[in-house]
Amino acid sequence: MTTNAITLPDTDSLRTRAKESLLRCGAQLPADGGDLIARTPLTGEALFTLPATPPEQADAAIGAAEEAFRQWRTVPAPQRGALVKRLGELLTEHKEHLADLVTIEAGKIRSEALGEVQEMIDICEFAVGLSRQLYGRTMASERPGHRLSENWHPLGVVGVISAFNFPVAVWSWNTALALVCGDTVVWKPSELTPLTALACDALLARAAVDTGAPAGVHRLLLGGREAGERLVDDARVALVSATGSVRMGREVAPRVAGRFGRCLLELGGNNAAIVTPSADLDLAVRGIVFSAAGTAGQRCTSLRRLIVHEDIADQLVEKIVHAYGQLPVGDPFQETTLVGPLISGTAHRAMTEALAAAEADGGKVLTGGDRQLEEQAPEAAYVRPAVVRMPWQTAVVRRETFAPILYVLSYRTLAEAVALQNGVPQGLSSSIFTQDQREAERFLAADGSDCGIANVNIGTSGAEIGGAFGGEKETGGGRESGSDAWKAYMRRATNTVNYSDSLPLAQGVNFL
(Lines give C-alpha, C1' and ligand atoms only; values in the text may rest on other atoms or scores of the structure.)
Protein backbone atom coordinates (compact mmCIF):
# COMPACT_ATOMS: atom_id res chain seq x y z
CA MET A 1 0.00 0.00 0.00
CA THR A 2 1.37 3.43 -0.89
CA THR A 3 0.78 6.73 0.88
CA ASN A 4 2.30 9.05 -1.73
CA ALA A 5 -1.02 10.72 -2.55
CA ILE A 6 -1.88 11.48 1.10
CA THR A 7 -1.71 15.10 2.20
CA LEU A 8 -1.59 15.86 5.90
CA PRO A 9 -3.15 18.97 7.47
CA ASP A 10 -0.74 21.69 8.50
CA THR A 11 -0.30 22.80 12.08
CA ASP A 12 -1.84 26.26 11.53
CA SER A 13 -5.08 24.79 10.23
CA LEU A 14 -5.21 22.36 13.16
CA ARG A 15 -4.58 25.20 15.58
CA THR A 16 -7.47 27.18 14.09
CA ARG A 17 -9.76 24.15 14.16
CA ALA A 18 -8.88 23.45 17.80
CA LYS A 19 -9.60 27.06 18.81
CA GLU A 20 -12.95 26.97 17.07
CA SER A 21 -13.93 23.70 18.74
CA LEU A 22 -12.92 25.00 22.15
CA LEU A 23 -14.95 28.16 21.70
CA ARG A 24 -17.99 26.19 20.56
CA CYS A 25 -17.74 24.12 23.74
CA GLY A 26 -17.53 27.27 25.85
CA ALA A 27 -13.83 26.95 26.67
CA GLN A 28 -11.16 29.53 26.12
CA LEU A 29 -7.42 29.15 26.11
CA PRO A 30 -5.70 30.91 29.00
CA ALA A 31 -4.40 34.32 27.99
CA ASP A 32 -0.89 33.60 29.21
CA GLY A 33 1.22 30.71 28.04
CA GLY A 34 3.12 28.34 30.25
CA ASP A 35 5.20 25.22 30.47
CA LEU A 36 2.48 22.78 29.37
CA ILE A 37 2.68 22.23 25.62
CA ALA A 38 -0.40 21.08 23.74
CA ARG A 39 0.89 19.15 20.71
CA THR A 40 -0.85 17.37 17.89
CA PRO A 41 0.42 13.94 16.82
CA LEU A 42 -0.88 14.70 13.31
CA THR A 43 2.18 16.87 12.68
CA GLY A 44 4.12 16.34 15.90
CA GLU A 45 4.24 20.09 16.42
CA ALA A 46 3.06 22.38 19.22
CA LEU A 47 -0.38 23.99 19.03
CA PHE A 48 -0.44 26.06 22.21
CA THR A 49 1.35 26.54 25.50
CA LEU A 50 -0.75 26.42 28.64
CA PRO A 51 -0.05 27.14 32.29
CA ALA A 52 0.05 24.09 34.54
CA THR A 53 -2.04 24.33 37.69
CA PRO A 54 0.25 25.65 40.45
CA PRO A 55 0.33 23.73 43.76
CA GLU A 56 -1.65 26.30 45.71
CA GLN A 57 -4.42 26.27 43.11
CA ALA A 58 -4.46 22.48 43.10
CA ASP A 59 -4.90 22.47 46.87
CA ALA A 60 -7.66 25.08 46.56
CA ALA A 61 -9.41 22.99 43.89
CA ILE A 62 -9.44 19.94 46.14
CA GLY A 63 -10.71 22.10 48.98
CA ALA A 64 -13.50 23.49 46.80
CA ALA A 65 -14.50 19.97 45.79
CA GLU A 66 -14.55 18.88 49.43
CA GLU A 67 -16.73 21.85 50.37
CA ALA A 68 -19.12 21.20 47.47
CA PHE A 69 -19.36 17.54 48.51
CA ARG A 70 -20.89 18.51 51.85
CA GLN A 71 -23.80 20.06 49.95
CA TRP A 72 -23.92 17.69 46.96
CA ARG A 73 -24.22 14.54 49.08
CA THR A 74 -27.51 15.81 50.57
CA VAL A 75 -29.11 16.38 47.16
CA PRO A 76 -31.45 13.49 46.26
CA ALA A 77 -29.84 11.14 43.75
CA PRO A 78 -32.51 11.69 41.03
CA GLN A 79 -31.79 15.42 41.24
CA ARG A 80 -28.09 14.71 40.93
CA GLY A 81 -29.01 12.73 37.84
CA ALA A 82 -30.42 15.92 36.31
CA LEU A 83 -26.89 17.35 36.16
CA VAL A 84 -25.59 14.32 34.30
CA LYS A 85 -28.62 14.35 32.00
CA ARG A 86 -27.84 17.95 31.06
CA LEU A 87 -24.19 17.06 30.51
CA GLY A 88 -25.29 14.30 28.12
CA GLU A 89 -27.42 16.79 26.20
CA LEU A 90 -24.49 19.17 25.85
CA LEU A 91 -22.20 16.36 24.75
CA THR A 92 -24.74 15.43 22.08
CA GLU A 93 -24.92 19.06 20.94
CA HIS A 94 -21.13 19.36 20.74
CA LYS A 95 -20.27 15.86 19.60
CA GLU A 96 -18.53 17.03 16.42
CA HIS A 97 -16.50 19.68 18.24
CA LEU A 98 -15.28 17.28 20.90
CA ALA A 99 -14.47 14.68 18.26
CA ASP A 100 -12.36 17.29 16.45
CA LEU A 101 -10.34 17.85 19.61
CA VAL A 102 -9.93 14.11 20.21
CA THR A 103 -8.55 13.67 16.70
CA ILE A 104 -6.28 16.71 16.95
CA GLU A 105 -4.83 15.72 20.33
CA ALA A 106 -4.93 11.91 20.33
CA GLY A 107 -4.73 11.23 16.58
CA LYS A 108 -7.82 9.03 16.42
CA ILE A 109 -9.52 8.48 13.09
CA ARG A 110 -12.83 10.25 12.66
CA SER A 111 -15.16 7.34 13.38
CA GLU A 112 -13.24 6.39 16.53
CA ALA A 113 -13.21 9.98 17.78
CA LEU A 114 -16.96 10.26 17.26
CA GLY A 115 -17.35 6.86 18.89
CA GLU A 116 -15.48 8.00 21.97
CA VAL A 117 -17.78 10.99 22.39
CA GLN A 118 -20.77 8.70 21.86
CA GLU A 119 -19.42 6.58 24.70
CA MET A 120 -19.59 9.68 26.90
CA ILE A 121 -23.20 10.22 25.91
CA ASP A 122 -24.00 6.57 26.59
CA ILE A 123 -22.51 6.60 30.09
CA CYS A 124 -24.48 9.73 30.90
CA GLU A 125 -27.68 7.92 29.91
CA PHE A 126 -26.65 4.94 32.01
CA ALA A 127 -25.85 7.14 35.01
CA VAL A 128 -29.16 9.01 34.80
CA GLY A 129 -31.02 5.72 35.07
CA LEU A 130 -28.68 4.64 37.85
CA SER A 131 -29.58 7.75 39.85
CA ARG A 132 -32.91 6.04 40.65
CA GLN A 133 -31.35 2.61 41.24
CA LEU A 134 -28.67 3.00 43.91
CA TYR A 135 -30.14 0.01 45.65
CA GLY A 136 -29.32 -1.28 49.10
CA ARG A 137 -30.73 -4.53 50.44
CA THR A 138 -32.68 -5.89 53.40
CA MET A 139 -31.55 -9.14 55.02
CA ALA A 140 -33.31 -11.43 57.47
CA SER A 141 -32.25 -10.77 61.06
CA GLU A 142 -31.78 -13.68 63.47
CA ARG A 143 -33.30 -11.54 66.23
CA PRO A 144 -37.07 -11.10 66.50
CA GLY A 145 -38.32 -7.57 66.10
CA HIS A 146 -35.16 -6.48 64.26
CA ARG A 147 -34.49 -5.37 60.70
CA LEU A 148 -31.07 -5.74 59.06
CA SER A 149 -30.24 -3.68 55.96
CA GLU A 150 -27.51 -2.08 53.91
CA ASN A 151 -27.45 1.45 52.55
CA TRP A 152 -25.04 3.11 50.13
CA HIS A 153 -23.89 6.67 50.78
CA PRO A 154 -21.74 9.18 48.85
CA LEU A 155 -18.03 8.62 49.35
CA GLY A 156 -16.38 12.03 48.98
CA VAL A 157 -13.98 13.67 46.54
CA VAL A 158 -13.00 11.43 43.63
CA GLY A 159 -9.67 12.12 41.93
CA VAL A 160 -9.55 11.04 38.28
CA ILE A 161 -6.20 10.60 36.53
CA SER A 162 -6.75 9.73 32.87
CA ALA A 163 -4.52 8.72 29.95
CA PHE A 164 -4.08 10.16 26.47
CA ASN A 165 -5.55 7.27 24.47
CA PHE A 166 -9.13 7.82 25.70
CA PRO A 167 -8.88 11.48 26.66
CA VAL A 168 -12.59 12.00 27.33
CA ALA A 169 -14.36 8.62 27.63
CA VAL A 170 -12.57 7.39 30.76
CA TRP A 171 -13.16 10.74 32.46
CA SER A 172 -16.86 10.45 31.70
CA TRP A 173 -17.08 6.86 33.00
CA ASN A 174 -15.80 8.07 36.35
CA THR A 175 -17.43 11.48 36.47
CA ALA A 176 -20.96 10.51 35.44
CA LEU A 177 -21.10 7.74 38.02
CA ALA A 178 -19.38 9.73 40.75
CA LEU A 179 -21.77 12.67 40.34
CA VAL A 180 -24.96 10.61 40.57
CA CYS A 181 -23.46 8.77 43.54
CA GLY A 182 -23.15 12.13 45.31
CA ASP A 183 -19.39 12.60 44.95
CA THR A 184 -17.45 15.54 43.58
CA VAL A 185 -14.61 15.16 41.07
CA VAL A 186 -11.13 16.60 40.60
CA TRP A 187 -9.66 15.63 37.22
CA LYS A 188 -6.02 15.46 36.20
CA PRO A 189 -6.03 14.63 32.48
CA SER A 190 -2.98 13.46 30.56
CA GLU A 191 -0.55 16.28 29.90
CA LEU A 192 -0.74 15.15 26.26
CA THR A 193 -4.45 16.02 25.95
CA PRO A 194 -5.23 19.24 27.87
CA LEU A 195 -7.48 20.74 25.18
CA THR A 196 -10.12 18.02 25.36
CA ALA A 197 -10.07 18.44 29.14
CA LEU A 198 -10.71 22.19 28.88
CA ALA A 199 -13.69 21.52 26.62
CA CYS A 200 -15.21 18.86 28.89
CA ASP A 201 -14.71 21.00 31.98
CA ALA A 202 -16.48 23.91 30.30
CA LEU A 203 -19.44 21.76 29.26
CA LEU A 204 -19.84 20.33 32.75
CA ALA A 205 -19.58 23.80 34.27
CA ARG A 206 -22.39 24.92 31.97
CA ALA A 207 -24.48 21.90 32.95
CA ALA A 208 -23.93 22.77 36.62
CA VAL A 209 -25.17 26.32 36.06
CA ASP A 210 -28.17 25.10 34.07
CA THR A 211 -29.24 22.67 36.80
CA GLY A 212 -28.26 24.67 39.89
CA ALA A 213 -25.52 22.27 40.99
CA PRO A 214 -22.68 23.61 43.16
CA ALA A 215 -19.83 25.00 41.08
CA GLY A 216 -17.29 22.91 43.00
CA VAL A 217 -18.69 19.55 41.91
CA HIS A 218 -15.91 19.44 39.31
CA ARG A 219 -12.43 20.86 39.24
CA LEU A 220 -9.64 20.53 36.67
CA LEU A 221 -5.91 20.26 37.29
CA LEU A 222 -3.60 20.69 34.30
CA GLY A 223 -0.04 19.46 34.38
CA GLY A 224 2.15 16.43 34.65
CA ARG A 225 3.28 14.20 37.47
CA GLU A 226 3.14 16.93 40.14
CA ALA A 227 -0.56 17.57 39.58
CA GLY A 228 -1.36 13.87 39.79
CA GLU A 229 0.65 13.53 42.99
CA ARG A 230 -1.57 16.14 44.62
CA LEU A 231 -4.54 13.83 44.15
CA VAL A 232 -2.63 10.73 45.18
CA ASP A 233 -1.34 12.17 48.46
CA ASP A 234 -4.18 14.42 49.63
CA ALA A 235 -6.22 12.77 52.38
CA ARG A 236 -9.27 14.79 51.29
CA VAL A 237 -9.44 12.68 48.11
CA ALA A 238 -11.42 9.59 49.10
CA LEU A 239 -10.93 7.65 45.85
CA VAL A 240 -8.20 7.90 43.23
CA SER A 241 -9.23 6.43 39.89
CA ALA A 242 -6.06 6.18 37.82
CA THR A 243 -5.65 4.95 34.25
CA GLY A 244 -2.16 4.42 32.90
CA SER A 245 0.88 2.19 33.00
CA VAL A 246 1.67 -0.59 35.43
CA ARG A 247 4.64 1.49 36.57
CA MET A 248 2.30 4.31 37.51
CA GLY A 249 0.00 1.92 39.35
CA ARG A 250 2.89 0.55 41.41
CA GLU A 251 3.55 4.08 42.64
CA VAL A 252 -0.04 5.20 43.12
CA ALA A 253 -1.45 2.19 44.97
CA PRO A 254 0.85 2.10 48.03
CA ARG A 255 0.76 5.87 48.44
CA VAL A 256 -3.02 5.98 48.48
CA ALA A 257 -3.21 2.89 50.68
CA GLY A 258 -0.70 4.46 53.06
CA ARG A 259 -3.24 7.17 53.88
CA PHE A 260 -6.11 4.63 53.88
CA GLY A 261 -7.68 6.02 50.74
CA ARG A 262 -9.23 3.93 47.98
CA CYS A 263 -7.79 3.12 44.56
CA LEU A 264 -9.47 2.19 41.29
CA LEU A 265 -6.71 1.19 38.88
CA GLU A 266 -6.91 0.54 35.13
CA LEU A 267 -3.39 -0.34 34.06
CA GLY A 268 -1.64 -2.42 31.40
CA GLY A 269 -3.13 -4.88 28.95
CA ASN A 270 -1.35 -7.53 26.88
CA ASN A 271 -4.42 -8.99 25.28
CA ALA A 272 -4.70 -12.23 23.32
CA ALA A 273 -7.15 -13.91 20.98
CA ILE A 274 -7.30 -17.66 20.44
CA VAL A 275 -8.41 -18.94 17.04
CA THR A 276 -9.49 -22.58 16.91
CA PRO A 277 -9.85 -24.86 13.86
CA SER A 278 -13.64 -24.47 13.93
CA ALA A 279 -13.53 -20.66 13.74
CA ASP A 280 -15.13 -18.61 10.98
CA LEU A 281 -11.87 -17.21 9.64
CA ASP A 282 -13.38 -14.31 7.72
CA LEU A 283 -15.19 -13.13 10.86
CA ALA A 284 -12.02 -13.68 12.89
CA VAL A 285 -9.93 -11.56 10.51
CA ARG A 286 -12.30 -8.61 10.87
CA GLY A 287 -12.23 -8.82 14.66
CA ILE A 288 -8.47 -9.33 14.80
CA VAL A 289 -7.53 -6.49 12.45
CA PHE A 290 -9.68 -3.90 14.22
CA SER A 291 -8.51 -4.99 17.67
CA ALA A 292 -4.84 -5.00 16.67
CA ALA A 293 -4.59 -2.01 14.31
CA GLY A 294 -7.46 0.22 15.49
CA THR A 295 -6.37 3.40 17.29
CA ALA A 296 -2.90 2.58 15.92
CA GLY A 297 -2.62 -0.12 18.56
CA GLN A 298 -2.92 2.43 21.38
CA ARG A 299 -5.86 1.01 23.30
CA CYS A 300 -5.41 -0.76 26.59
CA THR A 301 -7.60 -3.47 25.02
CA SER A 302 -5.61 -3.63 21.76
CA LEU A 303 -4.90 -7.15 20.54
CA ARG A 304 -1.19 -7.87 20.94
CA ARG A 305 -0.99 -11.68 20.85
CA LEU A 306 -2.73 -13.98 18.36
CA ILE A 307 -2.72 -17.65 19.39
CA VAL A 308 -3.72 -19.80 16.42
CA HIS A 309 -4.11 -23.57 16.05
CA GLU A 310 -1.20 -24.90 14.03
CA ASP A 311 -3.52 -26.48 11.43
CA ILE A 312 -4.91 -23.09 10.36
CA ALA A 313 -2.08 -20.72 11.31
CA ASP A 314 -0.60 -20.27 7.84
CA GLN A 315 -4.01 -19.74 6.25
CA LEU A 316 -5.13 -17.20 8.85
CA VAL A 317 -1.84 -15.31 8.85
CA GLU A 318 -1.99 -14.95 5.07
CA LYS A 319 -5.46 -13.40 5.36
CA ILE A 320 -4.35 -11.01 8.10
CA VAL A 321 -1.24 -9.88 6.22
CA HIS A 322 -3.40 -9.22 3.16
CA ALA A 323 -5.87 -7.21 5.25
CA TYR A 324 -3.04 -5.18 6.79
CA GLY A 325 -1.87 -4.32 3.31
CA GLN A 326 -5.22 -2.65 2.65
CA LEU A 327 -5.17 -0.37 5.73
CA PRO A 328 -4.87 3.30 4.72
CA VAL A 329 -2.42 5.16 6.99
CA GLY A 330 -2.58 8.93 7.15
CA ASP A 331 -4.69 11.97 8.03
CA PRO A 332 -7.24 10.78 10.63
CA PHE A 333 -9.68 13.48 9.54
CA GLN A 334 -10.05 11.76 6.17
CA GLU A 335 -12.98 9.33 6.13
CA THR A 336 -10.95 6.70 4.27
CA THR A 337 -8.12 6.62 6.81
CA LEU A 338 -8.10 3.65 9.18
CA VAL A 339 -4.77 4.15 10.95
CA GLY A 340 -3.69 7.52 12.30
CA PRO A 341 -0.40 8.49 13.94
CA LEU A 342 1.21 7.21 17.09
CA ILE A 343 1.00 9.71 19.91
CA SER A 344 4.70 10.62 19.78
CA GLY A 345 8.18 9.80 18.61
CA THR A 346 8.74 8.05 21.93
CA ALA A 347 5.97 5.59 21.05
CA HIS A 348 7.60 4.98 17.66
CA ARG A 349 10.95 4.26 19.28
CA ALA A 350 9.33 1.78 21.64
CA MET A 351 7.76 0.03 18.66
CA THR A 352 11.04 -0.10 16.77
CA GLU A 353 12.87 -1.51 19.79
CA ALA A 354 10.18 -4.14 20.35
CA LEU A 355 10.37 -5.30 16.73
CA ALA A 356 14.15 -5.54 16.94
CA ALA A 357 13.88 -7.56 20.14
CA ALA A 358 11.31 -9.87 18.55
CA GLU A 359 13.59 -10.53 15.59
CA ALA A 360 16.51 -11.17 17.94
CA ASP A 361 14.31 -13.78 19.68
CA GLY A 362 13.68 -15.61 16.42
CA GLY A 363 10.60 -13.73 15.29
CA LYS A 364 9.90 -12.78 11.68
CA VAL A 365 8.23 -9.49 10.73
CA LEU A 366 5.73 -10.43 8.02
CA THR A 367 4.46 -6.93 7.32
CA GLY A 368 4.58 -3.40 8.67
CA GLY A 369 6.69 -1.57 11.17
CA ASP A 370 8.00 0.96 8.65
CA ARG A 371 7.48 4.68 9.05
CA GLN A 372 5.16 6.58 6.72
CA LEU A 373 4.78 10.22 5.58
CA GLU A 374 8.06 11.23 7.18
CA GLU A 375 8.86 13.80 4.49
CA GLN A 376 5.56 15.59 5.05
CA ALA A 377 5.65 15.42 8.85
CA PRO A 378 9.14 14.66 10.18
CA GLU A 379 8.02 15.28 13.78
CA ALA A 380 5.01 12.94 13.52
CA ALA A 381 5.03 9.14 13.85
CA TYR A 382 2.91 7.44 11.21
CA VAL A 383 3.67 3.72 10.96
CA ARG A 384 2.23 0.70 9.26
CA PRO A 385 0.85 -1.84 11.75
CA ALA A 386 3.12 -4.87 12.08
CA VAL A 387 2.51 -8.62 12.16
CA VAL A 388 5.29 -10.76 13.65
CA ARG A 389 5.39 -14.55 13.58
CA MET A 390 6.98 -15.76 16.82
CA PRO A 391 8.35 -19.23 17.61
CA TRP A 392 7.28 -18.97 21.24
CA GLN A 393 6.17 -16.45 23.87
CA THR A 394 9.42 -14.60 24.57
CA ALA A 395 10.10 -11.78 27.02
CA VAL A 396 9.19 -9.07 24.49
CA VAL A 397 5.84 -10.78 23.82
CA ARG A 398 5.11 -10.83 27.55
CA ARG A 399 5.60 -7.06 27.72
CA GLU A 400 3.02 -4.54 26.60
CA THR A 401 4.29 -2.26 23.83
CA PHE A 402 1.78 0.53 23.23
CA ALA A 403 1.95 0.33 19.44
CA PRO A 404 0.38 -1.69 16.59
CA ILE A 405 2.40 -4.92 16.87
CA LEU A 406 0.60 -8.25 16.59
CA TYR A 407 2.61 -11.28 17.67
CA VAL A 408 1.39 -14.57 16.18
CA LEU A 409 1.92 -17.82 18.13
CA SER A 410 0.66 -21.32 17.35
CA TYR A 411 -0.73 -24.05 19.62
CA ARG A 412 -1.76 -27.70 19.49
CA THR A 413 -4.33 -28.14 22.28
CA LEU A 414 -6.86 -25.75 23.77
CA ALA A 415 -5.27 -26.19 27.19
CA GLU A 416 -1.96 -25.05 25.69
CA ALA A 417 -3.67 -22.04 24.10
CA VAL A 418 -5.30 -20.97 27.36
CA ALA A 419 -1.97 -21.36 29.16
CA LEU A 420 -0.35 -19.05 26.58
CA GLN A 421 -3.25 -16.60 26.92
CA ASN A 422 -2.87 -16.49 30.71
CA GLY A 423 0.92 -16.65 30.72
CA VAL A 424 1.54 -12.91 30.94
CA PRO A 425 1.49 -10.53 33.94
CA GLN A 426 -1.45 -8.51 32.56
CA GLY A 427 -5.08 -9.60 32.65
CA LEU A 428 -7.37 -7.11 30.91
CA SER A 429 -9.05 -8.46 27.77
CA SER A 430 -9.15 -11.74 25.86
CA SER A 431 -11.18 -13.51 23.21
CA ILE A 432 -11.68 -16.81 21.42
CA PHE A 433 -12.91 -17.42 17.89
CA THR A 434 -14.67 -20.76 17.69
CA GLN A 435 -17.90 -22.37 16.53
CA ASP A 436 -17.54 -25.18 19.07
CA GLN A 437 -19.69 -24.42 22.11
CA ARG A 438 -17.56 -26.62 24.35
CA GLU A 439 -14.43 -24.64 23.44
CA ALA A 440 -16.23 -21.37 24.12
CA GLU A 441 -17.53 -22.52 27.48
CA ARG A 442 -14.14 -23.85 28.54
CA PHE A 443 -12.60 -20.50 27.68
CA LEU A 444 -15.17 -18.71 29.85
CA ALA A 445 -14.95 -21.16 32.77
CA ALA A 446 -13.08 -20.58 36.02
CA ASP A 447 -9.99 -22.36 34.67
CA GLY A 448 -10.21 -20.57 31.30
CA SER A 449 -9.27 -16.96 30.59
CA ASP A 450 -8.01 -15.16 33.69
CA CYS A 451 -8.87 -11.69 32.30
CA GLY A 452 -11.52 -9.25 33.44
CA ILE A 453 -12.95 -9.31 29.89
CA ALA A 454 -13.42 -12.59 28.01
CA ASN A 455 -15.16 -12.52 24.63
CA VAL A 456 -16.36 -15.11 22.15
CA ASN A 457 -16.26 -14.45 18.39
CA ILE A 458 -15.39 -10.78 18.75
CA GLY A 459 -12.04 -9.12 19.27
CA THR A 460 -10.54 -7.79 22.47
CA SER A 461 -11.48 -4.14 21.81
CA GLY A 462 -14.80 -2.36 21.77
CA ALA A 463 -16.37 -2.73 25.21
CA GLU A 464 -19.91 -1.43 25.77
CA ILE A 465 -20.71 0.80 28.74
CA GLY A 466 -23.34 -1.62 30.10
CA GLY A 467 -20.67 -4.03 31.34
CA ALA A 468 -18.07 -3.39 34.02
CA PHE A 469 -14.70 -2.60 32.45
CA GLY A 470 -11.42 -3.67 34.00
CA GLY A 471 -8.95 -6.47 34.50
CA GLU A 472 -6.94 -8.61 36.87
CA LYS A 473 -3.29 -9.12 37.84
CA GLU A 474 -1.12 -6.19 36.76
CA THR A 475 -4.12 -4.54 35.13
CA GLY A 476 -5.06 -3.43 38.63
CA GLY A 477 -8.35 -5.12 39.45
CA GLY A 478 -10.52 -2.02 39.14
CA ARG A 479 -13.92 -1.83 37.45
CA GLU A 480 -15.42 1.22 35.74
CA SER A 481 -18.45 2.05 33.60
CA GLY A 482 -21.47 -0.30 33.81
CA SER A 483 -22.90 -3.15 35.87
CA ASP A 484 -22.30 -2.51 39.59
CA ALA A 485 -19.11 -0.47 39.09
CA TRP A 486 -20.97 2.39 40.83
CA LYS A 487 -20.27 0.75 44.19
CA ALA A 488 -16.64 1.85 43.98
CA TYR A 489 -17.81 5.46 44.29
CA MET A 490 -19.93 4.93 47.42
CA ARG A 491 -19.53 3.69 50.97
CA ARG A 492 -21.65 0.90 52.44
CA ALA A 493 -23.39 1.15 55.80
CA THR A 494 -24.95 -1.87 57.53
CA ASN A 495 -27.94 -0.91 59.67
CA THR A 496 -29.74 -2.84 62.40
CA VAL A 497 -33.06 -1.44 63.61
CA ASN A 498 -34.70 -2.81 66.75
CA TYR A 499 -38.44 -2.14 66.65
CA SER A 500 -39.28 -4.51 69.53
CA ASP A 501 -39.58 -3.92 73.28
CA SER A 502 -36.70 -6.28 74.12
CA LEU A 503 -32.98 -6.38 73.44
CA PRO A 504 -31.93 -9.87 72.34
CA LEU A 505 -28.23 -10.11 71.43
CA ALA A 506 -26.85 -11.76 68.32
CA GLN A 507 -25.52 -15.33 68.52
CA GLY A 508 -27.58 -15.92 71.68
CA VAL A 509 -25.20 -13.93 73.91
CA ASN A 510 -26.52 -13.15 77.41
CA PHE A 511 -25.26 -9.99 79.12
CA LEU A 512 -26.97 -8.17 81.97
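Contact is taken here to mean heavy atoms within 4.5 Å. The structure is a predicted model, in which local features need pLDDT of at least 70 and side-chain atom pairs count only at pLDDT 80 or more, whereas totals for chains, interfaces and linings use all residues. Residues are numbered from 1 along each chain as its sequence is written, and side-chain values use heavy atoms, with hydrogens and water left out.

By this criterion of contact, and leaving aside residues up to four places away in sequence, Thr43 touches Pro9, Asp10, Thr11, Leu14, Ala377, Glu379 and Ala380. Thr43 belongs to the loop between strands S1 and S2 (46–50), where helices (H or I, at least four residues) and strands (E, at least two) are DSSP runs numbered from the N terminus. With a relative accessible area of 7%, Thr43 is buried, the terms being set at under 20% relative accessible area for buried, over 50% for exposed and in between for partly exposed (1.4 Å probe, protein chains only). Asp35, in contrast, is found in the loop that connects helix H1 (11–24) with strand S1 (36–39), and it counts as exposed because its relative accessibility is 77%. Although Asp35 and Ala52 are 17 residues apart along the chain, their C-alpha atoms are separated by 6.7 Å.

Two sheets were examined, with two strands taken as paired if DSSP finds at least two bridges between them. In general, the strands of a sheet pair through backbone hydrogen bonds, either parallel or antiparallel. An open sheet with parallel pairing is formed by five strands in the order S7-S6-S5-S8-S9. Strand S7 (218–220) and strand S9 (262–266) stand at its edges and have a single partner strand each, so that one side of each is left without a neighbour in the sheet. From one strand to the next, the twist averages 15 degrees, where axes are lines fitted to C-alpha atoms, for helices over the stretch in contact, and angles run from 0 to 180 degrees between N-to-C directions. Strand S5 (residues 157–161) and strand S8 (residues 237–243) run parallel and are joined by five bridges, and Gly159 stands opposite Val240 in S8. Helix H8 packs on this sheet, where it touches S5, S6 and S8, and its direction makes about 145 degrees with that of S5. Helix H2 (residues 55–72) lies across S5, strand S6 (184–188), S7 and S8, and runs at about 155 degrees to S6.

The other open sheet consists of three strands in the order S3-S4-S23, with antiparallel pairing. Here the edges are taken by strand S3 (137–139) and strand S23 (490–498), each of which has a single partner strand, so one side of each is left without a neighbour in the sheet. Neighbouring strands are turned by 25 degrees against each other on average, direction ignored. Strand S4 (residues 146–154) pairs with S23 in the antiparallel sense over nine bridges, and the bridge partner of Leu148 in S23 is Thr496.

The largest pocket holds about 1,300 Å³ of space, and of the 41 residues that line it, Ala163, Gly244, Ser245, Arg247 and Met248 lie nearest its centre. Helix H8 (225–233), helix H9 (246–258) and helix H12 (345–360) are the elements that give two or more residues to this lining, with the largest share, six residues, coming from H9.

The second largest pocket holds about 370 Å³ and is lined by 22 residues, of which Glu119, Phe166, Arg299, Gly462 and Ala463 lie nearest its centre. At least two lining residues are supplied by each of helix H5 (110–130) and helix H6 (169–180), and H5 provides the largest share, seven residues.

In helix H14 (residues 414–422), the buried residues include Leu414, Ala417, Val418 and Leu420. Among the elements that cover the buried residues of H14 are strand S10 (271–275), strand S16 (405–411) and helix H15 (437–444).

Key
1 Å grid on protein atoms, 1.4 Å probe; cavity = no way out; pocket = protein on both sides within 12 Å on 5 of 7 lines; lining within 4 Å. Points joined across faces, edges and corners; volume = space filled by probe spheres on them.
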